[in-house]
Amino acid sequence: MLWYLKDIETIISELQSSPDGISSEEAQKRLTQYGPNTLEEKKKKTPFMMFLDQFKDFMILVLIGAAIISGILGEATDTIAIVVIVVLNAIIGFLQEYRAEKAMAALKKMAAPSATVIRDGMPLNIPATQLVPGDIVILEAGKVVPADMRLIEAVQLKIEEASLTGESVPAEKDTEPLRDEQIPLGDRKNMAYKGTFVTYGRGKGIVVSTGMNTEIGKIATMLQEEEEVKTPLQKRLANFGQKLAIAVLIICALLFVVGLMRGEEPLLMLLTAISLAVAAIPEALPAVVTISLAIGAKKMVRQNALIRKLPAVETLGSITYICSDKTGTLTLNKMTVEELYVDGKLIRTKEIETTTQGSLSLDHKDSPTSLLMTALSVSNDAQIDPDGNVIGDPTEAALYNIAKDKGFDKREMEQLMPRVAELPFDSDRKCMTTIHKRDKGYISFTKGAADVIIEKAENILTAEGLKSVDKQELNEIGEGMAADGLRVLCIAMKNWDSLPESLSPENVEGGLTIIGFVGMMDPPREEAKEAVRLCKTAGIVPVMITGDHPLTARVIAEKVGILESTTDNENIIITGAELQGLSLKEFEEKVEHIRVYARVEPEQKLKIVKALQDRGQFVAMTGDGVNDAPALKRADIGVAMGVTGTDVAKEAAHMILLDDNFATIVKAVKEGRRIFDNIRKFIKYAMTSNSGEIWTIFLAPLIGLPIPLLPIHILWINLVTDGLPGLALATEPPEKNIMNRPPRDPKESIFAHGLGIQIIWVGLLMGLVSLFTEAWAIKTDHPNWQTMVFTVLCLSQMGNVLAIRSERESLFSQGILSNKPLLGAFILTFLLQMATIYIPFLNPIFKTAPLSLGELIITLVLSSVVFFAVEIDKLIRRTKKR
């Protein structure tokens, strides 16, 4: 029902109510009919089911299979290691999902606990849950609006609707019917919505919607229906796990068949094939991913980004669009006076000299600037709390601050000229007036909309004295300031010999003298411009979404660099009303060209996210209000504000900005890219090692050599080389060009950019070096040939881990000490391998024998072949790029 289009009498009649409300008996009937005024929740999964769901992932199922096989083979260490990894993974996943369920609880908390209604003609305080359509509710400053209502009385009523509309300035309310059916929620001046906050004045409203039918209820529905999107890493790893499991099973079956055909012992071949299957699955991968993400999350907290859902850390690296709120994220969320028009000149506030307010005679001989600052300080309703903070309307606070900064402190000025009368602001007059006593007589200051005050004025104050008003010129100046995105107020004065007998607006607010104009805005953050530039360098498109007016949005977007001045803006700024008129298909065709959305509704944010995702984009969406929660949940990365954000937004988000700063998101993107790079390096390392083992065992029978490794050797190499060195790769610092390259294509395979080819050729080289060692040692009658092959394969993998620390940079330019955990893991693995050869009681366990010095040197030389081959490959790639 479009209640805002109807007049009060029609609504009261349709809801079968009266100005004195409904009877208690009728209220009870309606409560049965409409249900309580609460937000309902859909049936939740039990915590136990949530925990079980964590084991559905394909990679996890493959690991559970590997653990069972290891247990059958008697490899208890491997079984325990895999089980621990799987359970830890499940616990982390469960905790993330459990937290997400709390978003609804936070939404419910926003509801007002009680409401003052008129029932049976009498005011009555009742629990807000018992409100029904047709109830008349009394609204007062400081109260939360308990249901959606059409206002039937509004006395200087202002309601803060930021949580629903994103507007930082409280909305002025009235009772007149509106005419535009498509009017955005933020412009419905005769409506009050559940969960918003009355900041000023008083009013009455007739309840039109309760519970899930309210605007906040619609958001609750959207929040419950909106599925969280799988992160790119989860998608890639699931795909990778499936392909890997199939490939491993085929290879192991082939190996078993080839072994049997060569006459190998069936049991040995079965054990070898199964050991190879266990070794080929990189069981450290979930652990490496979790540890990488946890380290990244810890680092991000130091940079003011709190990660609520671990996989989100990596998703940041895939982001192609950042849709950011304007207020508080790109701007300071603090109204500030930017420009004044006084004494015939436009001046920036920084250019005004600070004055000590001496004894001002406050007649027309004072400088216009001094009089303007005096007016801003005394004709002001901002209050100061005991800690010295300014509280009150953001506009009043901005005027208070500029006056104080220039030496006109309100408290001192009020002692010189106390307020004796006032005409409060109302939305019909669009101005307010205060009257002050002074040494001789009285002075009144009137402030309000520029066009209104210009009409009421007779003259304008200049340094030379009074001049008659040129209305056209002044209107053009006011419009010019507004075109720069400023909110313009006009300040005027009038001298009185005695306190006026009639305090009517017609008497007090006529024949005014204009002192000047004040232009205010919520200015952009200093660091936002650099962060936007970094985004663009990194191939990420920054987009602004705001509940503010298109003009203000455009100015801020141009100031921070989201809109280039050279761009064809017509296609790039769109309002909520225009968006409403587009079908999803039409919108999806345009969505990648739009940079600024103004006057948008909550569900439109969700529409923007979905349209971008349908076009294959990865979207980060910032938000602080209740209205943002569904979009935050749906986005690939939902980013809530830590300072101004509602609990609902924080619970729905993946990440919380502790400083509400856009620049923090960009730092987090860099960290996300580093993490994904390191996970890729681990996959490259683990899969190269595993393919090296597969090539060695698979090719040996084909070229007439005995099986080179025993099951114990395969499992040992798997244990020592996959574990610590792999985990140490997670701490690798970022590559130098990390923010100068475009985001990864969300659809690209984990094996893109030559990773798959490198796994094959480096693995093949590893296998060939190992087979060369075997063939040479057998031919030259070295009885310890199996120990030599075992050691060459193990240490080749250590050489490989050092070489793949960077995609392009040489280890020698990186410096061996730039990743100390990896160096430690390398040394430990080397010592453990030596222990299996030279500690006598380990020889029978690992089926090894001590190598002579000559054999050890040959083994070490052959082990370094892979390292130098990978370094030469990087050198060729660097040369080609140059």
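User: In this predicted model, which residue forms a salt bridge with Lys585, and how many Å apart are the closest N and O atoms?

Analyst: A salt bridge here pairs a side-chain nitrogen of Lys or Arg with a carboxyl oxygen of Asp or Glu within 4 Å. Lys585 meets that criterion with Glu589, the closest N and O atoms being 3.4 Å apart. Both residues belong to helix H22 (residues 584-590), where they sit four residues apart, about one turn of the helix. Lys585 is exposed, with a relative accessible area of 63%, while Glu589, at 48%, counts as partly exposed.

User: Are Asp135 and Arg119 buried or exposed?

Analyst: Both Asp135 and Arg119 are buried, and they form a salt bridge in which the closest N and O atoms are 2.7 Å apart. Asp135 lies in the loop between S2 and strand S3 (136-140), and Arg119 in strand S1, so the pair ties together parts that are 16 residues apart in sequence.

User: How many bridges join strand S1 to strand S2?

Analyst: Six bridges join S1 (residues 114-119) to S2 (residues 122-127), and the two strands run antiparallel. Thr116 stands opposite Asn125 in S2. The hairpin has two residues between its strands, and Asp120 there takes a positive phi near 55 degrees.

Methods:
Residues are numbered from 1 along each chain as its sequence is written. This is a predicted model: local features need pLDDT of at least 70, side-chain atom pairs count only at pLDDT 80 or more; totals for chains, interfaces and linings use all residues. Side-chain values use heavy atoms; hydrogens and water are left out. Two strands pair if DSSP finds at least two bridges between them. Buried means under 20% relative accessible area, exposed over 50%, partly exposed in between (1.4 Å probe, protein chains only).
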